Amino acid sequence: MTVVVGAAVASGCGDTPDSAPAVQDAKPASQVDADRKYLLERVDDAAVAQLYADGFEALPLREKTLIWHLYQAAIAGRDIYYDQRYRHNLEMREVLEQILTHAGGIDQGTLDEIRRYTKLFWLNTGPYNNLTARKFVLKTTPDAFAGAAKQASANGATFPLAPGETLDAMLTRMRPMFFDLSFDPIVTNKTPGEGKDKLAASANNLYAGVTEEDLKGFTEKYGVNARLVKRDGKLVEEVYKRGGRYSREIERVTAHLEAAAGFATEPMARALKALVRWYRTGETDDRIAYDIAWVQDKDSPVDTINGFIEVYMDPRGIKGSWEALVFYVNREKTEDIRKVAEAARWFEDRMPWDPKYRKPGVQGITANAIDVVIETGDSGPITPVGINLPNDQAIREKYGSKSVSLSNVSVAYDKSTAPEFRREFAWSDDEVRRGERWSSFSDELHTNLHEVIGHASGRVSERLKGTPQEALKEQFSALEEARADLIALYFLPDAKLAELGILEASDQQEIVRTQYESYARNALIQLRRVREGTQIEEDHMRNRQMIVRWLMATTKAIEVRTRAAKTYYVMVDVKAFRDGVGRLLGDVQRIKAEGDYAAAKALFETHGIHFDAKLRDEIVARVDRLKMPSYTGFVQPRLQPVTDSNGTITDVTITYPQDLTQQMLEYSGKRTPPDGLTPD
Ligand SMILES: [Zn+2]
């Protein structure tokens, strides 16, 4: 499970920034270039920022070499996620990249539009907005696009033609994908409306020709790592494994993982080998063995997440999206997070829910602050700020979980955001001042509590047959995110935090107020991300909308005020806020533990999904005036090995390309920068 940027991170209060003093860098400021570039460019409502991994250079050679192999494994699997997200994705990407790399003589206006579209395509891994799930299209004419493709072809571009197909025929065939908003309009539609089918209404490639109706009475053998296809009227599971679906990519990924194992610590090598085995067989038992080996590797300074993991893209919440992250532990920041983790038992015993849902023995939660070196697939270029795995509830209960907070991502979010945004949505100068002083700190603490205590807590009812995922279906992810957020909000005012030395008792009131204020504001500010329709799709956004609107409906904690035709959500009563959070949390835990689908659905339908279009239009106008981005994608660090005459790696260098286009073309094999960069 993940935390994404929004309420709970360094760019908190719904992506408002923090002024510099509150930010704690991974490295002393003296070690980094003071005027280094974070914000690289803006593409429509997206920001592109550079991610830095300052601790990398100081790592021992063995760890650098390990990271180098894992980095290659991350790039090798990237296309899996492209294909999972949309069946036409790879073909579309190839057409766009062929044009961009053979662009001489193309009409400038057309080329600029193709560049804009392609950047959004790369950032979102295809033509669907990562927040709204809706399709975006090329804003040029099909004729102008065809003209560009023909010019590129004359310049030597080779297009992905079907056998016997002409370029013209290909362009006609692909026209609906690039130009028609009503063709495959939504990537994941968890609530398509009464009587409509979630799978049929979702354009992603986790299913092909399958409806929910087809699944009745069908026993699924594979969970996260198989595509479900209807073939000759029968359901078939296409397993992602060597010799199965994505075999070619998986071969490459596993070759790099095997090379990495030679440089890993003993427990990490065990986990890597278990992962390779799972990629080979695709069997659920091997997935479980890998999950256990991964969670048992608690102390390695380098780690990777690689495989079919998060289930947000699947409207059923079963199929995993491929992703890879490679990272090392940020020692300084890890200390704080560990203090929280070590007190897990204490928190579990005080959860404001029925004691029968408390975990009897809290398994070790391994919590680290990390710096990522690369993120691909489902986690890059758009990245979460916190991750807690494995997702398998049975393994979590028995073996515990590992939780990471992505420090350098939080810093980059923070540094790439402009300072006017907080003022726009804060009611008073006090609120602004508090945010400037405390939001970076309170957001990081919120993220830690969310991941380390939140997701790891609680147990399900003995009466529940199957998993909460199966019972709660499309409502599960949003409900689980709400549960983790509520736990963070609930314990933030607890004296235990000062006792643990995580904060000063004298600051706590201000910190709590800052976080509650920013949480309330966020429900308003997040509406800017859903520019079309009146329905929230993304699970973390649904969870935050639901919590705030539930508090507004049932407590006196938040007031809606207007001033000069602007709407504000003003947090006015800390105690009412916390009491409300405790009550809602008790209910949310009960819903999860009992698998109460009807209650989950009612909660989100009433408070979390639908919103007022007029209010959204007001928010959009306000953020557009300030040029506030809806989301950020990151250019990753770039590694390069240095070898001696025998081919042995003697060092691995890290550089920061500061160019999205160059990096995306390099990942798809069309550029070998910096020397191989050819001007078109
Ligand atoms: Zn989460």
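Contact here means heavy atoms within 4.5 Å. The model shown in these views is predicted.

View A. Leaving aside residues up to four places away in sequence, Asn368 touches Lys298, Val329, Thr334, Ile337, Arg338, Ser403, Val404 and Ser405. With Arg338 there is also a polar contact between the two side chains, at 2.7 Å. Asn368 has a relative accessibility of 8% and therefore counts as buried, the limit being under 20%.

**View B. Helix H2, residues 61–76.** Helix H2 has 16 residues, which at 1.5 Å a residue should span 22 Å; the end C-alpha atoms lie 23 Å apart, in agreement with that value. The helix is mostly covered, with twelve of its 16 residues buried. Among the buried residues of H2 are Leu66, Ile67, Trp68, Leu70 and Tyr71, and also the charged residues Glu63 and Lys64.

**View C. The largest cavity and its lining.** The model holds nine cavities of 30 Å³ or more. Two or more lining residues come from each of helix H3 (78–85), helix H5 (108–124), strand S8 (321–329), helix H22 (539–554) and strand S14 (631–635). By residue class, the lining of the largest cavity comprises 15 nonpolar, 14 polar and nine charged residues.

Methods
Residues are numbered from 1 along each chain as its sequence is written. This is a predicted model: local features need pLDDT of at least 70, side-chain atom pairs count only at pLDDT 80 or more; totals for chains, interfaces and linings use all residues. Side-chain values use heavy atoms; hydrogens and water are left out. Buried means under 20% relative accessible area, exposed over 50%, partly exposed in between (1.4 Å probe, protein chains only). A polar contact is a pair of N or O atoms within 3.5 Å; within protein, one must be able to donate a hydrogen and the other to accept it, and residues adjacent in sequence count only if both atoms are side-chain atoms. Helices (H or I, at least four residues) and strands (E, at least two) are DSSP runs, numbered from the N terminus. The expected span of a helix is 1.5 Å times one less than its number of residues. On a 1 Å grid over the protein atoms alone, a cavity is a set of points where a 1.4 Å probe fits but cannot get out, and a pocket is an open set with protein on both sides within 12 Å along at least five of seven lines; lining residues have an atom within 4 Å of a point. Grid points are joined across faces, edges and corners, and a volume is the space filled by probe spheres set on the points.
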